[in-house]
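Colleague: Please take a close look at one part of this protein for me. I would like a plain account of that part, then its setting.

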Amino acid sequence: MSTLEQQLLLLGMADLPIDTLIKKQLDQFITASSAHFDHVCQQRPNSTTIDLLLGFMTLHHQQAQQQWLHQQTAATKMQTVFNNTIGHDHAANFTHQDHNALLALTHLWLMVQGASGIDYSYSNEQAKTQSDLLLENEITTSPLQINPKLELLRCQFMQSYYLGKNHNKVKFSTRIKLLFRKV
């Protein structure tokens with residue numbers, strides 16, 4: 001197991017609110033990026049692992065976001081062709097890799113933000129921004145109404161944030177056991 005995977009698992013990656021497709025995307029990211037993370041750790045031995053992980057995930061999230069923005073128009077046109085030729089139900093089976101990569105990395109990035117103690121309001125703002133970006137072409141409500149899909153995705157992103165934020169909190173049963181050991 002790589003250092004990157006180990007650190008992400010310690011923060012709660014196994015409990016992220018994601019489906020198997022996004023999990024596969026995370027596994028690909030970890031496989032492709034582990035050597036880079038090891039190099040970063042070697043270059044900055046005086047930095048804490050969580051600080052290095054935050055910088056590392058911020059960099060990769062920004063790259064995924066730029067890639068998605070670059071490909072978004074083409075992906076939207078392609079999805080429209082699928083919708084028109086094979087129908088919306090079957091077209092939903094086709095997903096764009098850059099979309100899934102950004103979705104996966106946003107979950108990781110927000111989880112690491114939570115573990116780093118980043119302010120809730122900033123992370124919530126980023127969760128909203130990423131939800132808007134990822135579902136931009138699926139907005140079907142007026143700007144004054146709350147879009148349930150957008151709100152659901154934002155809430156899932158914030159679940160990831162809280163997973164990271166609560167990663168080092170000791171469970172109640174563990175605290176009780178520790179109390180009895182002291183007595």
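Which are the buried residues of helix H1 (residues 3-11)?

Modeller: First, the ground rules. This is a predicted model, in which local features need pLDDT of at least 70, side-chain atom pairs count only at pLDDT 80 or more, and totals for chains, interfaces and linings use all residues. Residues are numbered from 1 along each chain as its sequence is written, and side-chain values use heavy atoms, with hydrogens and water left out.

Now H1. Its buried residues are Leu4, Gln7, Leu8 and Leu11. They share the same side of H1, because they cover an arc of only 95° around the axis. That arc is taken from the directions from the helix axis to the C-beta atoms. Buried means under 20% relative accessible area, with a 1.4 Å probe and protein chains only. Just after H1 comes Gly12, with a positive phi of about 115°.

Next, the setting. The protein has 8 helices and 0 strands. Helices here are DSSP runs (H or I, at least four residues), strands likewise (E, at least two), numbered from the N terminus. Of the 183 residues, 36% count as buried. Take the contacts (heavy atoms within 4.5 Å) between residues at least 6 apart in sequence: 74% of them join residues at least 24 apart.

Last, confidence. pLDDT is the predictor's confidence in each residue, from 0 to 100. The protein's mean is 85, and 75% of its residues reach 70 or more.

Key: Buried means under 20% relative accessible area, exposed over 50%, partly exposed in between (1.4 Å probe, protein chains only).
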